[in-house]
Amino acid sequence: MSASAEKLGYPEKEELKFGFIKLTDMAPIAVAYEKGFFEDEGLYVTIEAQANWKVLLDGVIDGRLDGAHMLAGQPIAANIGYGTKAEIITPFSMDLNGNAITVSNKIWQEMKGNIPKQADGRPVHPIKADALKPVVDKYLDQGKPFNMGMVFPVSTHNYELRYWLAAGGIHPGFYAPEKGDTSGQIDADVLLSVTPPPQMPATMEAGTIYGYCVGEPWNQQAVFKGIGVPVVTDYEIWKDNPEKVFGITKDFAEKYPNTTIRLTRALIRAAKWLDEENNANRGEAVKILSQSNYVGADAEVIGNSMTGTFEYEKGDKRAVPDFNVFFRYNATYPYYSDAIWYLTQMRRWGQISDDKPDSWYKDVAAKVYRPDIYKSAAESLIAEKLMSASDFPTLATDNGFRSPQTHFIDGIVYDGNKPNDYINKFAIGLKAGDKI
């Protein structure tokens, strides 16, 4: 540990165990370990794959894990007591984008005729759920349920899949937790259920689900196995949307403040390494992630999206340079407005049963997302010349809110300062005054 690093204060807890799920976007944790960034901070870290998101969350709450790669919705839901009640915070947002929606070959053939074609015969992208609606309507007319998978009730994947379906006029169903209904299938045209990410392709191949929303490499895996077609990436649903976060308990952050800043520093450095020089390090990152102790998928499958391309229908490989973003566009900064977006979707689909004032959304966001810790970490990295001020161009002026975001597939603008106005813009979903 350098002399200047000592000014920060030694880590109060040096031996740490972090959890993750086998997905490409756990990369900052693997890189911080493999490139020695944790060790630079005097942290001796063990990294352990977890069986599913619930086991991972429980591990952080009960202290078996010191921190983990989490769904952004998990710390938020825990704070408001949806599912599990616990005070989890995040000082670090792990990435932007990185998910896609895949359908089975059979559904793809039924959808394909509804999608306009480019001059070269390939489908025009982005593909909207309008192309799926006639297929779903046919199944409903025949009395057949249309099943799709997502990874967890408070996952980005659930909200992205719902967003995409609803934008195409397909109702993804409501939750009614106060009535004991947490299926999310009330009034649904499409029945969404939880499937762990690595099991998605096999579950679809078995015919249990007709499609799914998941992170990589499990969409590209469907292409490689020849069992399905990714139809839309989350980059096309909401350009540069926040994805995972690094979660710790509030108690951990208060008990071990130096350790918290130091682990955040290591993750920031890892994120920068992943994106620097136009993704020049991604090849090395893919090799790291393909190890069985990390993601454990073939390097070729992981590399398909991590290196700036994405394959849709087999052979239809297109450039998506920002499919995985780890540092660009302030990706690592924990914005209050990102947390508020998740809360608006929880309200839209009934996970939050009653209206809440705008101030409530802001208060919850400020409890969970901790830009103050992030700023301390970033400022100390700049002071030690481990990173430069130009790496954090808006650090001094950031107030925790992104400018209104316009790049959604349905053209609806999101302003995190006005959550209720935003919720009321949607044709499908609960609005002010609605209750299931």
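I looked up H14 against H15 first: Arg282, Ala285, Val286, Leu289 and Ser290 in H14 meet Ala299, Ile302, Gly303 and Met306 in H15. Contact here means heavy atoms within 4.5 Å. Helices (H or I, at least four residues) and strands (E, at least two) are DSSP runs, numbered from the N terminus. By class, this contact divides into 6 nonpolar, 2 polar and 1 charged residues. Ala, Val, Leu, Ile, Met, Phe, Trp, Tyr, Cys and Pro count as nonpolar, Asp, Glu, Lys and Arg as charged, and the others, Gly among them, as polar.

I noted the ground rules. The model is predicted, local features need pLDDT of at least 70, side-chain atom pairs count only at pLDDT 80 or more, and totals for chains, interfaces and linings use all residues. Residues are numbered from 1 along each chain as its sequence is written, and side-chain values use heavy atoms, with hydrogens and water left out.

**Helix geometry**

I took the H14 (residues 282-290) and H15 (residues 299-306) axes next: they are 9 Å apart, at an angle of about 140°. Axes are lines fitted to C-alpha atoms, for helices over the stretch in contact, and angles run from 0 to 180 degrees between N-to-C directions. H14 and H15 are therefore oblique to each other. Angles under 35 degrees count as roughly parallel, over 145 as roughly antiparallel, 65 to 115 as roughly perpendicular and the rest as oblique. The crossing of H14 with H15 is right-handed. Right-handed means the near helix is turned clockwise from the far one by less than a right angle, left-handed anticlockwise.

I then checked H16 (residues 336-348) and H17 (residues 358-368). Their axes come within 9 Å and cross at roughly 125°. H16 also passes H17 in a right-handed crossing. On the H16 side I found Tyr336, Ala339, Ile340, Leu343, Thr344 and Arg347; they meet Trp360, Tyr361, Lys362, Val364, Ala365 and Ala366 in H17. That contact has 9 nonpolar, 1 polar and 2 charged residues.

**Strand residues**

Is Ile88 buried or exposed? Ile88 is buried, at 0% relative accessibility. Buried means under 20% relative accessible area, exposed over 50%, partly exposed in between (1.4 Å probe, protein chains only). Ile88 sits in strand S4 (residues 88-93). Beyond four places in sequence, its contacts include Leu57, Met70, Ile248 and Val368.

Ser93 is also in S4. Ser93 is buried, with a relative accessible area of 3%. A polar atom of its side chain lies 3.4 Å from the backbone oxygen of Ala331.

Asn99 is in strand S6 (residues 99-104) and is buried at 0% relative accessibility. Which side chain makes a polar contact with that of Asn99? I found Glu243, at 3.0 Å. A polar contact is a pair of N or O atoms within 3.5 Å; within protein, one must be able to donate a hydrogen and the other to accept it, and residues adjacent in sequence count only if both atoms are side-chain atoms.

Most residues other than glycine have a negative phi, and most peptide bonds are trans. I listed the exceptions I looked up.

- The His125 to Pro126 peptide bond is cis, with omega near 0°.
- The Glu216 to Pro217 peptide bond is cis, with omega near 15°.
- Glu277, not a glycine, has a positive phi of about 50°; Glu277 lies in helix H13 (residues 257-279).
- Asn330, not a glycine, has a positive phi of about 55°; Asn330 is partly exposed at 22% relative accessibility.
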